[in-house]
Amino acid sequence: MTRAASDYATRFVTDIATQATANPAIRTALRTGIGREPDQCHRMHSFVAPWLEEDIHPDKERVHYTIAALIAHAPETAVPTVENAPRDLGESLAFATQHHVLAPATTENYLHLVVRQNPGTLCRYLTTVVLALRDTGIPVDFARLFDDAGRWPWQSRRIAKTWLQSYYRSLASTTSSS
């Protein structure tokens with residue numbers, strides 16, 4: 001059974017997506033953070049800082065800025081509305097393979113690259129993978145990704161296992177139903 005995203009993550013993603021969709025200037029400001037560290041994201045602070053606790057851990061802060069920037073890349077579809085949309089990064093990558101928008105070797109390489117990252121480099125690699133998915137129209141559950149990336153410093157092995165199992169389980173179910 002797949003764990004649902006937290007209420008906080010859902011509210012954060014919905015708020016950022018709503019603002020970015022409603023106002024092109026906000027979307028542009030948020031997009032300036034793609035691939036950058038929070039201290040390089042001056043135009044994003046007014047939208048992300050209200051969500052941050054004063055003494056937030058740097059890894060969690062990085063996740064807020066990364067996810068907000070990635071949402072702004074394509075905010076109209078940042079909140080999945082399809083019931084069978086992928087629920088975690090592994091399923092999104094499998095979905096890309098199943099729908100023939102990314103080669104199986106590419107999605108598998110992306111997944112194995114991401115699951116090996118330490119907390120300091122995770123967001124950089126998530127950005128590469130998520131942009132590749134979004135550029136091909138593959139849905140990403142940003143609320144779930146936000147939760148998973150936020151827990152990465154303390155639960156990376158469990159999250160990596162979940163993403164890997166979801167990926168291979170999704171591919172196997174396609175193969176067996178063909």
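Predicted model: local features only at pLDDT ≥ 70, side-chain atom pairs only at ≥ 80, totals over all residues.

User: What makes R124 count as buried or exposed?

Analyst: Its relative accessible area is 52%. The cut-off for exposed is over 50%, so R124 is exposed.

User: Now to helix α6. How do you know that its length agrees with what a helix should span?

Analyst: Helix α6 covers residues 104-115, twelve residues in total. At 1.5 Å a residue it should span 16 Å, and its end C-alpha atoms are 17 Å apart, which agrees.

User: Which residues of α6 are buried, and why do we say they line one face?

Analyst: T107, L111, V114 and V115 are the buried ones. Looking down the axis of α6, these buried residues fall within an arc of 95°, so they line one face of the helix.

User: Why are α6 and α7 called roughly antiparallel?

Analyst: Their axes cross at roughly 160° and come within 9 Å. Angles over 145 degrees count as roughly antiparallel, and the two helices are therefore roughly antiparallel to each other. Their crossing is left-handed.

User: Which residues meet where α6 and α7 come together?

Analyst: From α6, Y110, L113 and V114 meet L122, Y125, L126, T128, V129 and A132 in α7. V114 is also among the buried residues of α6.

Notes: Residues numbered from 1 in each chain as written. Heavy atoms only, no water. Helix = DSSP H or I, 4+ residues; strand = E, 2+ residues; numbered from the N terminus. Expected span 1.5 Å × (residues − 1). Buried < 20%, exposed > 50% of the residue type's maximum accessible area, 1.4 Å probe, protein only. Arc of directions from axis to C-beta. Axes fitted to C-alpha atoms, helices over the stretch in contact; angles between N-to-C directions. Parallel < 35°, antiparallel > 145°, perpendicular 65-115°, else oblique. Left-handed = near helix turned anticlockwise from the far one by under 90°. Contact = heavy atoms within 4.5 Å.
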